[in-house]
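Hi everyone, thanks for coming. Please have a look at it first.

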Amino acid sequence: MTDDYSGVSGMQHEEALLFEHAHEAATPISLPGIDAELPDALNGFRRSRQAGIPGLSEPESVRHFVRLSQWNHSIETGFYPLGSCTMKYNPRVNEQLARLPGLAQLHPDQPEESVQGVLELLYELQQWLGEITGLAHVTLTPAAGAHGELAGIMMIRAYHDARGDRRRRTVLVPDSAHGTNPASAALAGMQTIEIKSAANGRIDLDELRSRLNDEVAALMLTNPNTTGMFESDIAEICRLVHEAGGLVYGDGANLNALVGVARPGDMGIDCLHINVHKTFSTPHGGGGPGTGPVAVNDTLAPFLPVPKLVRENNTIRIVHRDERSIGSIFGSIGQTGVLLRATAYIAAFGRDALHRIAEDAVLNANYILARLKDAYHVPFPGLCKHECLLTDEKQERHGVKTLDIAKRLIDLGFHPMTVYFPLIVHGAMLIEPTESESRETIDRFCDAMLEIARQCEAGDTEALHQAPLMPIRRRLDETLAARKPVLVWPED
Amino acid sequence: MLDRIGVDSIRDLFADIPADFHLQPGSLKLPRALHEAGIVRKFTRAAAANRHAGDTRCFLGGGTYHHFVPAVVDYVISRGEFLTAYTPYQPEIAQGTLQALFEFQTMIARLTGMEVANASMYDAATGVAEAALMARRITRRQRVVMAGSVNSRYRDVTRNYLARLDGETVEVPCAKFATDPDAVIAALDGDTACVIIQFPDFHGHVFDVAPLRAACDARGILLVIAFSDAALFGELTPPGELGADIAVGSGQSLGVPMGFGGPHIGLFACRQKFVRQMPGRVCGMTRDRDGKRGFVLTLSTREQHIRREKATSNICSNQGLMCTANATYLSLMGDQGLAAVARRSIAALARLTGHLPAGVEAAAGARAHETVLSFADRETRDRFLAIALQRDIFAGIPLEHFEPDTEPRHLLVSTTEMIEAGDIDDYHAALQEALL
């Protein structure tokens, strides 16, 4: 066992559930406001019994959640090379800025003239994202990448409908795509057809040609795709789709490979969502919040969702109604706190340095690929972009699977890569280091991967099957959890 | 590193991108890079250009509320271990997030009086839309009925989500800023999948849900109860006790700042028997290899990464960090604290509407912490808003911002425990001056 595993020390606490804390606070929390009984008119509308929410004292609550936090791996704890997730460092100053009372304490329905400061920042972000993607018109509203996909497909559908082309209800989705792509298309009332990838992991142009017809509304495309490879035929792909009357939707999950270096809009993509929680470093928060602004070209601009931010003279206005718009997709203008962090992040790079994000991310990924390509099977050889794809083909001969490798990495002090995705290769391991990491960190990760490969070769695989041994819990029984779901703690 | 890769320059790594598409470094129309101090200055100035609830008296509601947030909540969600973790796909090193999610789900289920809750939706509006979709799946019917007294933004999003799918979506007009259960019942038929009401409704109205529940039972219709302020259920009858099959609403009130519209959190709870039709992620309890209790994301066969176009929802990223915020807030409040928040929020409105000067009228009927004030005309109302703002009072939201067809002379007004007695005196004084 190496001694650099970050989550283990002599002080690793077990921590009971909140509901098992016997000690409720002696006095309830002190609150502002007007203390009075419920008005008579509401007497018939009292809850019949207390909810059963335990009230802890402040120190007990802090200790509970701080202890829980210590069971987590995070970007601030260590390397987090999850492919397609872009786990880069989240600058601390952005946390400070988003918490300024003049930004955090704003009600979304304050008079417009009382919120011009925040509107200015949001409008600026809108312009910047348009410039960075080469797609000039931007909505900041979608709450996550998948929500952006939904908005994008709604716009594409509205575009065809506006031309009287109501037969176009098919969306083509490569088999390497994120699962959200077909799910979002289905939610927008579209049929999806899967496009099989070519042997090189890229879109098969012949397969694409054979699927294009006058019922195709769009191709959804991730570029670089989820194998980490750039679709070099992108111009031809877009030309074919456009010629057949369709539009090209870009999944911007992998924008970190391109930012400042090349623009999806220049390549012929009509519509792109941006995962600001990936490319623009807003923290993932253990699952969210994300935010998925969508950038579109002139063709789709009339259909952007409401509300829209519009500059009139020196004032930014929020426009709530627009006849051609796809309408409303979220309860507010967007996840402002997330968007502001993205604004701050882009401001720090500016035009001088934005391209270094993609350059360093791609350099790091190719370096990992170069170091690991002999020890692990590389299904699609060649340059990668911001992430590299390996499989467990060589290790499987020794009875070791991707899952074992992933769990062993935990014992060696690293968060595993993305496993078993993309689905088009067996035993996928997708590694995305991001630009944040030093060469030293990346070398230590590669050393760990090489040690695992050596152990497999040597038949010394017991530690791999047993892993992880070091964290607070060992492998968890997911079948048990799914068979008889226990989603809440039973009441006493 | 380049040597190891076998290329001469970083740009060689981009050789697979056609040369036509390569940007000249520095050519983007963006400002020059700012150092950290410059960014802080830029944001501080922008923040100073706004008026905010921290130094005013905020009577704005409509789905977003200025409740008290203990400092501990922000401390907990600022910890890098919660803040900068990904979705807990490797549960052995994400037990912190997972246990917090399990505690969150438990407390949301208890607060709403429901059997189970998921690990969040984006917001209340998208949550209501997902509830409608879920009800359609469960009942295999397509017709959805919404009371017009549901927040118009929830209705807009729901109508929009359903617009591209087969089936009818019906909205029952709302009169007198109140919910009329009989009118809603009249819109139900045997093809209806669900009926969506809000409790308390968008205008703060509190009403008897029992007849509607009975009408749903008679026709096999699911009852979806939306809510905009979960804290009220510290004292008021929760959706579960009202007979909801699905309860969906906002958790922003539970420790999340208003933040100009987000990030907030959508709460989603339902009956246990419906869990396999639920949208979104859920955390479940299990055991590890050594038999120790632990938690994992579960029921993933409903989700997009497995089921793709047949998934129950396209949702992937959710509002995870806000679940931790809600859980922390709830642990500090407990039953007693929550009941006090609810009572104080309601008491402030009762005090406000109890002594209104002539010329302004509050909507009739039982109200929780939100109501509609009506003026003779737009001019009077807007004069009041301007006078109030001069006195650091955000006095309400012009109702036409939500309901464009309404006469522009109404004001949606909401109160929380952040409103003190003196604030209401000042509110009344501003009213009196405007109505002179």
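Let's start with the core. The largest nonpolar core has 309 residues, where a core is a set of buried Ala, Val, Leu, Ile, Met, Phe, Trp, Tyr and Cys residues joined through C-beta atoms within 7 Å. Buried says that 20 or more other C-beta atoms lie within 10 Å of a residue's own; 12 or fewer is exposed, in between is partly exposed, and the C-beta atoms are placed from the backbone. Met155(A), Ala132(B), Val195(B), Ile196(B) and Val224(B) have the most contacts inside this core. Helix H12 of chain B, residues 320-354, gives the most to it, with 20 residues.

A quick word on the source: this is a predicted model, in which local features need pLDDT of at least 70 and side-chain atom pairs count only at pLDDT 80 or more, while totals for chains, interfaces and linings use all residues. Residues are numbered from 1 along each chain as its sequence is written, and chains are lettered from A and ligands numbered from 1 in the order in which they are written.

So what does Met155(A) touch? Leaving aside residues up to four places away in sequence, Met155(A) touches Cys271(A), Val296(A), Leu300(A), Phe303(A), Leu304(A) and Ile326(A). Contact here puts the C-beta atoms, placed from the backbone, within 7 Å.

Next, a strand in chain A. Helices (H or I, at least four residues) and strands (E, at least two) are DSSP runs, numbered from the N terminus. Strand S2(A), residues 170-174, runs parallel to S4(A), joined by 3 bridges; pairing takes at least two bridges found by DSSP.

S2(B) pairs with S8(B), residues 266-270, in the antiparallel sense over 2 bridges, and Val116(B) stands opposite Cys270(B).

Finally, how many residues does each chain bring to the contact? Chain A brings 161 and chain B brings 162. On the chain A side, helix H10, residues 336-372, gives the most, with 20 residues.

Notes. Two residues are in contact if their C-beta atoms, placed from the backbone, lie within 7 Å.
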